[in-house]
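Thanks for asking me to look this one over.

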Amino acid sequence: MPEKPGIKKFLNQLFEALLPLGSVFLALLVGALILLALKVNPLVAYSSMLRGAFGDMTGITQTLVKATPLLLVGLGVCIAFRGGVINIGGEGQLLVGALAATALAVGFQTAPGWILLPSCLIVGALAGAAWGGVPGFLKARMGVNEILSTIMMNAIALQLSNFLLRGPMIDPAEIEAGTRIAQSALLPRSVWLVRLVPKTLLHGGAILALIMAVVVFIFLWRTTIGYRIRAVGLNPDAARYAGIRVPFYQALSLILGGAFAGLAGAVEVMGVQHRMMEGLSGGYGFSGIVAALFGKLHPLGAIPASILFGGLLEGANKMQRTVQVPSALIDVMLGLVVLFVVSADLLARSRARRRKING
Amino acid sequence: MKSVLFRLSLLVVLAAVLVSGCAPAAAEPVTVEVTRVVEVEAAPVEVVVTATPAPVEEEIFRVAIVMPSSITDMAFSQSMYEGLLKVQAEMGGPEKMEIAYSEGMFKVPDAAAAIRDYASQGYNLVIAHGSQYGTSLAQIAPDFPETAFAWGTSLDTFQAQGITNVFAYQAEAQEGGYVLGTLAANMSASGVLGVSGPVEAGDAKLFVDGFKTGAMIAKPEAKVNISYTGSFSDVSLMAAAAETHIAAGADMLTGSSQSVVGAIGVAKEKGAKWFGAQWDQTNLAPDTVAASMVYDWTGVIKDMITSVKAGVMGGKAYTLTFKNKGLVIAYNPGVEIPADAKTAAEAAIQGIMDGTIAPLSGPKQ
Amino acid sequence: MGDLFTLPVLLGILYSGIRLATPYLYAAIGETFVQNSGIFNLGVEGIMLMGAYVGFFVGMTTGSLWLGLLGAALVGLLMGLLMAVVSVTFKAEQGISGIGLHLFGMGLSSLLFKKTLGGVESISGFQPIKIPLLGDIPLLGDVLFNHNLLVYVAFLLVPIAAFVLYKTTFGLKVRSVGQNPQAADSLGINVAQIRYTTVCIGGTLAGIAGASLSIALINLFQENMTNGMGFIAVALVYFGSWRPGGVLVGALIFSFVNALQLWIQVKGINLPSDLAVMMPYVLTILALAFAVRRARQPAALSKPFERGEN
């Protein structure tokens with residue numbers, strides 16, 4: 001019967017698609033027990049969560065606003081992990097990207113928008129690339145482990161941002177008012193990314209991120225450099241025998257990973273905040289890793305993964321407001337979701353293996 | 001899995017783009033006209049209202065606050081939250097005034113979502129309790145003319161941008177810093193004072209600068225050592241900073257941000273005295289905390305509520321000063337403070353209130 | 001600058017550096033066991049926070065610091081067990097499950113703090129113990145031999161861990177499981193059992209690391225009080241090339257430079273405070289790049305073991 005394999009394949013696909021959702025459900029179940037312990041009706045809490053994430057215009061756009069930096073950082077993580085390097089430095093790369101874009105935009109206020117706007121995006125990406133390039137260089141030349149150096153570079157970027165925002169880049173109005181709040185001047189309107197939906201924060205960066213996902217997909221699977229990066233990641237020894245310069249491609253994947261995180265920073269400044277300030281990175285450097293891994297380190301998989309994860313973050317905030325539970329509960333539940341989702345992976349993998357063995 | 005979710009996500013995006021076509025119409029223009037006559041340095045703000053108020057007196061006044069830290073941070077966020085609770089009690093409890101809060105909103109986009117959400121739920125007053133929320137607030141406020149917003153620390157009510165429903169508030173932390181510096185310099189036996197701040201900016205920087213000025217004016221030969229930890233939450237490094245100050249000879253310590261609790265512990269252990277900022281930290285170390293500069297926001301909150309009820313939705317900038325009793329020095333009766341030190345501190349408060357002392361430069365002339 | 005290199009300053013750096021290094025040592029030595037067996041636990045920070053909370057809460061409510069310490073060790077063990085189930089039995093991607101564990105521990109400790117304590121309170125923690133004779137050495141005695149118990153134990157842990165890893169059968173098994181689980185398995189070593197054991201050891205020590213902050217060094221609990229220490233601890237394992245001695249060097253460099261930068265600020269040397277705070281991070285990278293001998297990481301690090309593969 002010719003239909004049967006098709007149905008089986010479909011069922012398999014369905015199972016794998018439902019698996020992460022199932023584990024999210026399981027995590028919510030545990031969360032429900034905690035909610036009951038806090039004397040909160042879990043149904044009320046969760047319905048507000050769903051409404052907060054996807055229930056109305058505000059929720060949907062907020063979810064997408066969150067998904068945008070998650071996707072961009074996640075794309076960088078995809079490249080780095082595909083190249084066999086672990087980039088935990090998204091947080092720092094995002095900050096320097098935002099700083100660089102801000103500095104350029106504020107420094108050349110009067111430049112025409114059609115040249116200033118793309119320049120800001122590019123400069124943000126370049127700054128992120130440079131910040132990722134330091135661990136890349138250290139790994140390629142000195143053998144310094146990138147986990148160590150990217151964690152350290154995050155702390156350095158944070159202090160650099162503190163320094164610049166209270167000194168050279170501080171908004172002159174803050175000095176004048178005597179309030180001395182550490183934030184930059186407002187960016188010129190010419191570099192503000194277009195608002196896709198009026199009265200919401202959804203901005204053109206979301207579309208840019210979608211395009212970039214396709215670009216990264218083409219880059220990794222349709223170009224020679226992308227092929228080499230993946231070869232190095234899959235098996236560095238084999239790649240070396242094949243004549244691929246392994247350290248170079250490892251460094252390159254860190255640099256490209258940094259570029260996307262830097263771009264995320266520039267987009268966040270130009271699309272959402274319109275100025276550089278403390279708290280801008282908002283943990284996207286870390287959540288982006290989670291989003292990328294939810295998407296199986298595939299650039300296109302990262303799209304739904306970052307929307308799902310963005311929705312989870314957004315909905316959880318709404319739930320916190322509606323039922324007035326401490327915000328820490330959100331972290332507990334997100335932690336559980338992450339743990340359950342990665343654990344459930346085993347089921348998918350063992351099924352895949354059985355399929356392989358059975359032919 | 002990828003393909004299914006991918007299609008799903010495309011649908012969501014598509015839906016978003018479609019709905020964007022039918023966004024709600026622009027809100028009606030506001031009829032309240034507020035003219036503000038304000039000198040930033042002078043404490044009380046004069047407001048001339050030529051308004052057509054439409055006060056629909058509601059039974060319950062609903063306040064929401066969004067804050068970066070938590071309601072138990074023993075610092076900036078707690079001071080505002082406790083202020084709200086106090087006003088609530090005065091107004092007659094939760095039946096008369098509802099308080100909703102979102103804490104831990106250190107991500108600005110999260111805070112923006114919370115502010116927008118509270119406004120659309122019809123809260124009368126939404127407080128954005130962090131200077132980093134300002135840009136977002138300026139984008140949200142015009143969409144909700146029926147809601148009053150407040151934010152701080154800042155003095156910018158966005159009137160220049162044509163926004164009329166935003167209050168702003170700020171604490172003159174340097175005034176309290178000056179007085180505590182005077183007190184500490186007079187109490188110090190070693191003549192060395194230690195200050196550990198979080199990040200060298202904003203409120204913390206003003207407090208530290210005021211403290212140093214006050215101490216140097218009181219005792220020109222005193223030494224004020226200053227360090228910053230680069231973080232608002234690094235309790236451990238703050239403790240190490242206090243250790244360092246004590247090893248460098250300091251016997252009087254102060255600092256600001258929620259991470260100072262680590263330093264207070266060290267002061268207690270080593271027998272140094274502590275001067276608290278933003279919130280009364282006495283109960284953490286009853287033998288150690290000599291005095292605290294406390295932010296009392298109740299006056300500001302009450303005035304905002306009265307204004308909103310009268311139909312004035314914004315346009316006022318408040319400052320907490322000694323003069324308007326928003327800044328209070330809370331002495332700890334458990335710690336003996338020499339009479340001359342207390343006299344000098346009281347004189348400093350008086351001087352600041354008279355305007356004869358500038359907290360960042362000292363006595364005038 | 002001359003002002004900086006005086007005896008009191010150097011002694012002060014030594015004293016603060018030793019105290020700062022203590023939590024890093026517990027957490028990083030624990031993670032050394034974990035990583036030598038081939039597991040990468042990025043969730044140390046979350047375990048530390050749970051240990052800090054439980055240690056403080058139990059210590060305060062029972063009045064016994066020892067019970068607090070025990071509670072912290074137990075909760076660390078449980079968190080380690082959770083990580084082991086996820087990463088060994090369910091073979092989950094370890095970097096990401098570590099982030100999950102971190103979020104879980106951070107959230108749960110804050111939630112419990114809010115519901116049980118409600119606000120910051122302090123406790124009288126483990127008191128300094130002056131070691132007889134050694135403590136009487138002029139100058140150095142007070143700086144080196146007048147600390148609380150958990151500080152001494154942290155430093156004693158380094159030779160103990162080195163002994164266990166390099167001189168015992170258990171240590172040999174741990175390292176072989178981390179280098180080549182297939183070969184270890186064929187020699188009859190129970191890979192899963194060894195990895196469960198090390199991850200639980202790592203969790204227990206991370207729990208104690210948290211307690212060392214909340215009931216011995218700072219003596220209070222506040223939300224998110226570890227402020228990234230757990231991640232630095234993981235980085236220090238890489239710095240130390242997976243050897244306890246190397247971890248000690250890394251922890252001391254990082255802590256001494258941190259103490260030094262505070263002195264630079266206190267002495268009023270003209271360096272922006274933010275750049276001073278950066279110093280330990282920059283120097284740790286530089287030290288690794290130029291001075292420290294490199295070693296190969298455990299070959300099977302962060303790779304789940306699948307019997308019969310390869």
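1. A word on terms before we start: a residue is called buried here when its relative accessible area is under 20%. Please also keep in mind that this is a predicted model. With that cut-off in hand, look at helix α3 of chain B, where the buried residues are B:Val108, B:Pro109, B:Asp110, B:Ala111, B:Ala112, B:Ala113, B:Ala114, B:Ile115, B:Arg116, B:Asp117, B:Tyr118 and B:Ala119. Twelve of the 13 residues of α3(B) are buried, so the helix is largely enclosed by the rest of the structure.

2. α3(B) covers residues 108-120, and at 1.5 Å a residue its 13 residues should span 18 Å; the C-alpha atoms at its ends are 18 Å apart, which agrees. Just after α3(B) comes B:Gly122, with a positive phi of about 85 degrees.

3. One residue of this helix leads us to the neighbouring chain. B:Asp110, listed above as buried, forms a salt bridge with A:Lys66, and their closest N and O atoms are 2.1 Å apart. Across the interface of chain A and chain B the rule finds four salt bridges, along with ten residue pairs in polar contact, both residues being at pLDDT 80 or more. The elements that give two or more residues to the chain A side are α1 (3-37), α3 (57-82), α6 (146-166), α11 (246-273), α12 (284-294) and α13 (302-323) of chain A. Of these, α13(A) gives the most, with eight residues. By residue type, the side of chain A that touches chain B divides into 22 nonpolar, 19 polar and 13 charged.

4. How many residues does each chain bring to the contact between A and B? Chain A brings 54 residues and chain B brings 51. Between them the two chains bury about 4500 Å², with 60% of it on carbon and sulfur atoms. On the chain A side, A:Lys199, A:Arg321 and A:Gln324 lose the most area to chain B, together 15% of what that side buries.

5. A:Gln324 sits in the loop between α13 and α14 (328-358) of chain A and is partly exposed, with a relative accessible area of 27%.

6. Now for chain C against chain B. Here 30 residues of chain C are in contact with 34 residues of chain B. The buried area is about 2700 Å², of which carbon and sulfur atoms give 54%. C:Gln222, C:Leu262 and C:Val266 lose the most area on the chain C side, together 21% of what that side buries.

7. What kinds of polar pairing cross this interface? The rule finds two salt bridges between chain C and chain B; C:Lys114 and B:Glu103 meet in a salt bridge at 3.2 Å, N to O. There are also 13 residue pairs in polar contact, both residues being at pLDDT 80 or more. The chain C side takes two or more residues from each of α1 (7-36), α4 (94-117), α9 (191-217), α11 (244-266) and α12 (273-290) of chain C, and the largest share, six residues, comes from α11(C).

8. Two backbone spots are worth checking by eye. C:Asn224 is not a glycine, although it has a positive phi of about 55 degrees; C:Asn224 is in the loop between α9 and α10 (229-239) of chain C and counts as partly exposed at 26% relative accessibility. In chain B, the peptide bond from B:Gly152 to B:Thr153 is cis, with omega near 5 degrees, and B:Thr153 lies in the loop between β6 (148-152) and β7 (166-171).

Conventions
Residues are numbered from 1 along each chain as its sequence is written. Chains are lettered from A and ligands numbered from 1 in the order in which they are written. This is a predicted model: local features need pLDDT of at least 70, side-chain atom pairs count only at pLDDT 80 or more; totals for chains, interfaces and linings use all residues. Side-chain values use heavy atoms; hydrogens and water are left out. Contact means heavy atoms within 4.5 Å. Buried area is the accessible area (1.4 Å probe) that two parts lose on being put together, summed over both. A salt bridge is a side-chain nitrogen of Lys or Arg within 4 Å of a carboxyl oxygen of Asp or Glu. A polar contact is a pair of N or O atoms within 3.5 Å; within protein, one must be able to donate a hydrogen and the other to accept it, and residues adjacent in sequence count only if both atoms are side-chain atoms. Helices (H or I, at least four residues) and strands (E, at least two) are DSSP runs, numbered from the N terminus. The expected span of a helix is 1.5 Å times one less than its number of residues. Buried means under 20% relative accessible area, exposed over 50%, partly exposed in between (1.4 Å probe, protein chains only). Ala, Val, Leu, Ile, Met, Phe, Trp, Tyr, Cys and Pro count as nonpolar, Asp, Glu, Lys and Arg as charged, and the others, Gly among them, as polar.
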